[in-house]
Structure formats: structure tokens, C-alpha cells
Amino acid sequence: MKITGIELRRIGMPLLAPFRTSFGTETERDVLLVRVVTPEAEGWGECVAMSQPLYSSEYVDAAAEMLRRFLIPALPAHPDAYRVQRAMEPFKGHRMAKAALETAVLDAQLRATGQPLASFLGAAADRVPCGVSVGIMNSIPELLDAVAGYLDEGYIRIKLKIEPGWDLAPVRAVRERFGEQVLLQVDANAAYTLADAPRLAKLDAFDLLLIEQPLANDDLVQHARLATLLTTPICLDESIESAEHAAAAITLGACSIINVKPGRVGGYLEARRIHELARAHGVALWCGGMLETGIGRAANVALAALPGFTLPGDTSASRRYFATDITAPFELRDGHLDVPTGPGIGVDPIQDILEEVTTSTEWITL
Ligand code: OSB
Ligand code: MG
């Protein structure tokens, strides 16, 4: 396969409602799309880096700069996803930028040979159960209305974003209103310290599936200590940037569940390595999200169909995020999303919509 050129396209996608986490509030998704052009096929990758370095050190302008200045110039003459991964390896970090380029190459390569991403990765299911991530709200009644709406739509599990001052009360209110049978979990996005263990232990009373990333990104040892103080299982998100991190976390006892986000770990090949490792150790997985458009969502849904993804993911329907997605919208059927069956990621941007939301494009001839 020979790449003739690569387009870096920025799009602005207004969110239907502000999404508030312990690290900030998003009102619009500023997305970088990578389109790889070869004589046989085109491939797409969505960079999940956000506008500001608040979730992790990465942010979208830096990802674009990494791509144009280092990663694209380092591409091998005859790339496939594995060769691209190896060629980018010398550059430290910037996993979200790397993931976007690797995914675009992988998509082009799979489209050229007619293979769906799900089958390439080893998917075992043709649809995946879906949860929804519910942001921090201004009041408990507002939260209960939001959760009621999502349960009506059929979501199979609810994740509440928490932070100090918005933790026990919202969890208690959701349990009281919707009952014990609702699959419920929380995500702190690193907002606590080990000194908060007594407060976090009070969450044990609510029979949560898991608590996601209670402590800081590099607090692996502290997470292991916290795990001995809680009965609620600990799930890591921000802390796991590679299969090596996953191995360390599992060995330390820092988590019993991992939220896999392909962007965070540098791509779908690395995500599959984490899947093999976690399965071998009996660690449960689920597929996280970064408010993706249909391009990123399609690939995530393929990953979520692997057999080790045993918990419902944050793979919500397009309308949970956007009035209009750039692909045919992903729609919930009976709490599930269908795994795309076409070659590669299996979806295409709708050209008119894509143009409407585009804020800039940049063409790099190879
Ligand atoms: O921590 O999982 C997270 C969104 C952006 C950044 C980080 C996170 C999230 C979510 C939403 O929780 C997941 C989604 O619905 O895409
Ligand atoms: Mg998270």
C-alpha cells in the first residue's frame, strides 16, 4: 500500500447539552479527523484529544502539530498499521495523535482488502450493550430527569460523573428513585486523593459496578491501597496508557476492571494487546468514549465486540451527543448498537454535513 496524501480536517461539533466532569465543561467538540488517501482506498481516523489538556496532557492543537511535524513525515514507504505503529514508536507520548494516524492507515488497508475492523480485531458479537455517561448537573432533580430520559431510551447502565461535593448525594438519589436493579457506576476523573478513602468507602453501600479513576493518573500504588479499603471494584481509565501500564496495575492490584479507550493507549493494536492481557488475568474490560463522532464511534463499537469486553461501554448513540452526526447516526436498539459490517470502520462521513461543520483543512502530499 502506498499513501499519496493525508488530509488533516478540523470540525466543530456543538454538543446537545454541556458535558461537565470534575476537570471541566465541554460545550463543543473540536475534532481532528485524519484521512489517508491511497490508490486503492481511503481511510479515516478520529483524534480523541480534547481542546484543552485537562483529561490528559494531550490537546487537539498539539496532536495536529505532532502529526504534521513528526508522525506523518516518519511514515514508512509501504505502510500498514503495524509498520506505522513501529515507525511512530521513537516519539514519546502523544498517543491520541498516533492512534488517529494508525487507525486511518488501518482503515484504508482493511477497506482495500474488504475486511471489517471488527473481524480484524477478533470480534465475537454483532451488537454491543450500551451505557451512558451522565455529567455533573446543577441540581439533583436535573440529574434525575436526565437519568430517567436515558433509561427510557433503553441504556443498559448509567455512569455518573462525580467530584468532591457531588458524589454520595447524587448516587443515593439515583438509587432511591430508580432502584437497586439499575446497573450503576461512577467516574471521578482523578478528583480525589487517598485521604478521601473514608468518604469513597461510603459509596460501598450503593452496590456500584465500579468506581472509575478515583485518584490521580500516576497514583497506581495509591489505587492499590484504596482497593484494600473499598468493596466497590476500582476501574482505571486515565492511568492506563499502554499494555505495560495495564500489566503494572494488575500486578499491583490497583484495579480489577479497565476502561479501554483506543485513543488513550495509542490505537486499536495496543487496545487489542490490553484485551489479551486482561483476559489472561481475569480482568474485566469495557470500551470507554471521548464524545466521538460516528467515525470514532464505529471503530470503538468494533472493539467493544471483542469477547473480553464483558461490561457495557460508554458507546452511546449519536443523539446522546449531537443533533447531527457526520455519519449515518448510531441508534440504540434494545439498549445495543450494531457493530458495523462494512470494510474497515464500516461507516463514511456524509460529505455535505462534513463540509458544514469543517473549520479548517490541511493537505499533506506524500
Ligand atoms: O472519563 O470517561 C471519561 C468524556 C470525555 C473525556 C473523558 C471521559 C468522558 C466520558 C464520556 O465519560 C464518554 C462518552 O460518552 O463518550
Ligand atoms: Mg473516565
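## Exercises on a predicted model

**Exercise 1. Which residues does Leu-215 touch, not counting residues up to four places away in sequence, and is Leu-215 buried or exposed?**

Solution. Leaving out residues up to four places away in sequence, Leu-215 touches Ala-190, Tyr-192, Thr-193, Leu-194, Gln-222, His-223 and Leu-226. The model in which these contacts are found is a predicted one. Asn-189 is 26 residues away from Leu-215 along the chain, yet the C-alpha atoms of the two are separated by 7.6 Å. Finally, the relative accessible area of Leu-215 is 0%, and since buried means under 20%, Leu-215 is buried.

**Exercise 2. In what order do the seven strands of the open sheet stand, and which strands are at the edges?**

Solution. The open sheet is formed by seven strands in the order 5-6-7-8-9-10-11, with parallel pairing. Strand 5 and strand 11 (284-287) stand at its edges, and because each has a single partner strand, one side of each is left without a neighbour in the sheet. To follow individual pairs, take strand 5 (residues 131-134), which pairs with strand 6 in the parallel sense over four bridges; here Ser-133 stands opposite Lys-159 in strand 6. Further along, strand 8 (residues 211-212) and strand 9 (residues 234-236) are joined in the parallel sense by two bridges, with Glu-212 opposite Cys-235 in strand 9.

**Exercise 3. Which way do the side chains of strand 6 point, and how many of its residues are buried?**

Solution. In a regular strand, side chains alternate between the two faces of the sheet. In strand 6, Arg-157, Lys-159 and Lys-161 point one way, whereas Ile-158 and Leu-160 point the other way. Five of the five residues of strand 6 (residues 157-161) are buried, so the strand is largely enclosed by the rest of the structure.

**Exercise 4. Where is Asp-107 found, and what does Asp-107 touch?**

Solution. Asp-107 is part of helix 3 (residues 95-113), and at 1% relative accessibility it counts as buried. When residues up to four places away in sequence are not counted, its contacts are Glu-42, Gly-43, Trp-44, Pro-343, Gly-344 and Ile-345.

**Exercise 5. What radius of gyration does the protein have, and with what value does it agree?**

Solution. For 366 residues, a compact globule would have a radius of gyration near 21 Å, and the 20 Å of the protein agrees with this. The C-alpha atoms fill a box of roughly 60 × 40 × 35 Å along the principal axes, and buried residues make up 59% of the 366 residues. Among contacts between residues at least 6 apart in sequence, 73% join residues at least 24 apart.

Definitions and conventions:
Residues numbered from 1 in each chain as written. Chains lettered and ligands numbered in written order. Predicted model: local features only at pLDDT ≥ 70, side-chain atom pairs only at ≥ 80, totals over all residues. Heavy atoms only, no water. Rg over C-alpha atoms; globule rule 2.2 N^0.38 Å. Buried < 20%, exposed > 50% of the residue type's maximum accessible area, 1.4 Å probe, protein only. Contact = heavy atoms within 4.5 Å. Pairing = 2+ DSSP bridges.
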